[in-house]
Amino acid sequence: MSAKKESFLLNRIKSVGWAFKGAWLLLRTEASIQIQFFIATVVTIAGFYFDISKTEWLFQVTMIGLVMSIEGINTSIEYIADFIHPEFHNSIGRIKDVAAGAVFIASIAAIIVAAIIYLPKLF
Ligand SMILES: Nc1ncnc2c1ncn2[C@@H]1O[C@H](COP(=O)(O)OP(=O)(O)OP(=O)(O)O)[C@@H](O)[C@H]1O
């Protein structure tokens, strides 16, 4: 293997390591992600309990990934905002509100998907 190819592969492996570190940091420090992780665990158990179909699993896993990844991006935006402008500013407020709005939209979609999957199984 050439040195160039080797360093490319090594850099990719390192990037995965840093991404893993970031995901672990999120899970360890952010209350919102911890709540979402708990809900994801509950619905995963529910998925096995109700023996949901392959299509339902696809939607469920997609929505869990969507909500938690957007929450991660929202947290990152909050960190950037607090770093570049720790003082109160209307623009910082708007930036944070819009980022939180994105999580809200994904969460509403996830709730609708969960309702479509589980309501007919419960009632
Ligand atoms: N520097 C600021 N200037 C103006 N408004 C702010 C500022 N910081 C926070 N806010 C307002 O407070 C809201 C909450 O901000 P905060 O950073 O505490 O987010 P949060 O959703 O409570 O985050 P978390 O619970 O993940 O820490 C923002 O959406 C925004 O409306």
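A residue is counted as near a molecule when its C-beta atom, placed from the backbone, lies within 6 Å of that molecule. In this predicted model, the residues around the ligand are Glu 30, Ser 32, Thr 75, Glu 78, Phe 88, His 89, Ile 92, Gly 93, Lys 96, Asp 97 and Ala 100. Helices α3 (54-84) and α4 (90-122) each contribute at least two residues to the shell, and the largest share, five residues, is supplied by α4.

The UniProt record, an unreviewed entry, places a "binding site" feature at Arg 12, Glu 30, Glu 78, Glu 87, Phe 88, His 89, Lys 96 and Asp 97. These positions span 86 residues of sequence and are also spread in space, with up to 38.5 Å between C-alpha atoms. Arg 12 belongs to helix α1 (residues 3-29), while Asp 97 is found in helix α4.

| Residue | Other C-beta atoms within 10 Å | Exposure |
|---|---|---|
| Arg 12 | 10 C-beta atoms | exposed |
| Asp 97 | 10 C-beta atoms | exposed |

Phe 50 is located in the loop between α2 and α3, and, leaving aside residues up to four places away in sequence, Phe 50 touches Tyr 118 and Lys 121. Although Phe 50 and Thr 75 are 25 residues apart along the chain, their C-alpha atoms are separated by 33 Å.

How do the helices on either side of this loop run? The axes of helix α2 (residues 31-49) and α3 come within 10 Å and cross at roughly 175 degrees, which means that α2 is roughly antiparallel to α3. On the α2 side the contact is made by Ser 32, Ile 33, Gln 36, Ala 40, Val 43 and Gly 47, and on the α3 side by Trp 57, Gln 60, Ile 64, Val 67, Met 68 and Glu 71. The residues of this contact divide into seven nonpolar, four polar and one charged.

The unreviewed UniProt entry also lists residues 31-51 and 98-119 under "transmembrane region". Over residues 31-51 the model is 90% helix and 0% strand, with the end C-alpha atoms 30 Å apart, whereas residues 98-119 are 100% helix and 0% strand, with the end C-alpha atoms 31 Å apart.

Technical notes. Residues numbered from 1 in each chain as written. Predicted model: local features only at pLDDT ≥ 70, side-chain atom pairs only at ≥ 80, totals over all residues. Helix = DSSP H or I, 4+ residues; strand = E, 2+ residues; numbered from the N terminus. UniProt positions renumbered as here; feature names shortened; annotations may be inferred. Axes fitted to C-alpha atoms, helices over the stretch in contact; angles between N-to-C directions. Parallel < 35°, antiparallel > 145°, perpendicular 65-115°, else oblique. Contact = placed C-beta atoms within 7 Å. Nonpolar A, V, L, I, M, F, W, Y, C, P; charged D, E, K, R; others polar. Buried ≥ 20, exposed ≤ 12 C-beta atoms within 10 Å, placed from the backbone.
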